[in-house]
Amino acid sequence: QVQLVESGGGVVQAGGSLRLSCAASGRTISDYHMGWFRQTPGKEREFVAISKSGGTTYYADSVKGRFTISRDNAKNSVYLQMNSLKPEDSAVYSCAAGRGTTRVQYDYWGQGTQVRVSS
């Protein structure tokens with residue numbers, strides 16, 4: 001079992017920055033791909049970024065060049081640095097831990113942290 005707890009959300013003006021953290025416990029995240037997702041009311045959960053266990057990172061086109069995912073395996077944590085925030089980035093952001101090769105299966109999810117970007 002992996003427990004995930006997000007933090008760092010809040011309210012920021014458009015153009016500002018936030019850094020989200022996801023602290024894991026139970027198992028080491030070095031064995032897992034770690035992803036960030038976001039969701040707004042009435043919409044499906046949207047992929048934001050992934051840090052694969054081997055070190056590769058991928059981003060949704062909507063955040064590429066503005067967001068950076070990183071992990072610190074020693075601290076068992078993953079981060080999402082969000083710069084140049086836009087109102088459309090407002091959402092509940094959740095981290096997830098998963099495994100898989102051709103397709104990642106996320107087995108563990110955090111509760112999420114709210115991000116609101118004001119215009």
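## Burial and surface

Of the 119 residues in the chain, 44% are buried. The description that follows concerns a predicted model. The chain exposes about 6,400 Å², and carbon and sulfur atoms supply 45% of that area.

Charged side chains number 14 positive and 9 negative. The centres of these two sets lie 2 Å apart.

## Fold and dimensions

The secondary structure consists of eleven strands and zero helices. Along the sequence, the pattern therefore reads β-β-β-β-β-β-β-β-β-β-β. The radius of gyration of the chain is 13 Å, close to the 14 Å that the globule rule gives for 119 residues, so the chain is as compact as a globular protein of that length.

Taken along the principal axes, the box filled by the C-alpha atoms is roughly 40 × 25 × 25 Å. Among contacts between residues at least 6 apart in sequence, 55% join residues at least 24 apart.

## Two loop residues with positive phi

Asparagine 76 is not a glycine, yet it has a positive phi of about 55°. This asparagine is found in the loop between strand E7 (67-72) and strand E8 (77-82). Its relative accessibility is 14%, and asparagine 76 therefore counts as buried, the cut-off being under 20%.

Serine 84, also not a glycine, has a positive phi of about 50°. Serine 84 lies in the loop between E8 and strand E9 (91-99). With 41% relative accessibility, serine 84 counts as partly exposed.

Notes: Residues numbered from 1 in each chain as written. Predicted model: local features only at pLDDT ≥ 70, side-chain atom pairs only at ≥ 80, totals over all residues. Heavy atoms only, no water. Helix = DSSP H or I, 4+ residues; strand = E, 2+ residues; numbered from the N terminus. Rg over C-alpha atoms; globule rule 2.2 N^0.38 Å. Buried < 20%, exposed > 50% of the residue type's maximum accessible area, 1.4 Å probe, protein only. Contact = heavy atoms within 4.5 Å. Areas by Shrake-Rupley, 256 points an atom, 1.4 Å probe, with all protein chains shown as cover. Lys, Arg positive; Asp, Glu negative; His and termini not counted. Charge placed at Lys NZ, Arg CZ, Asp CG, Glu CD.
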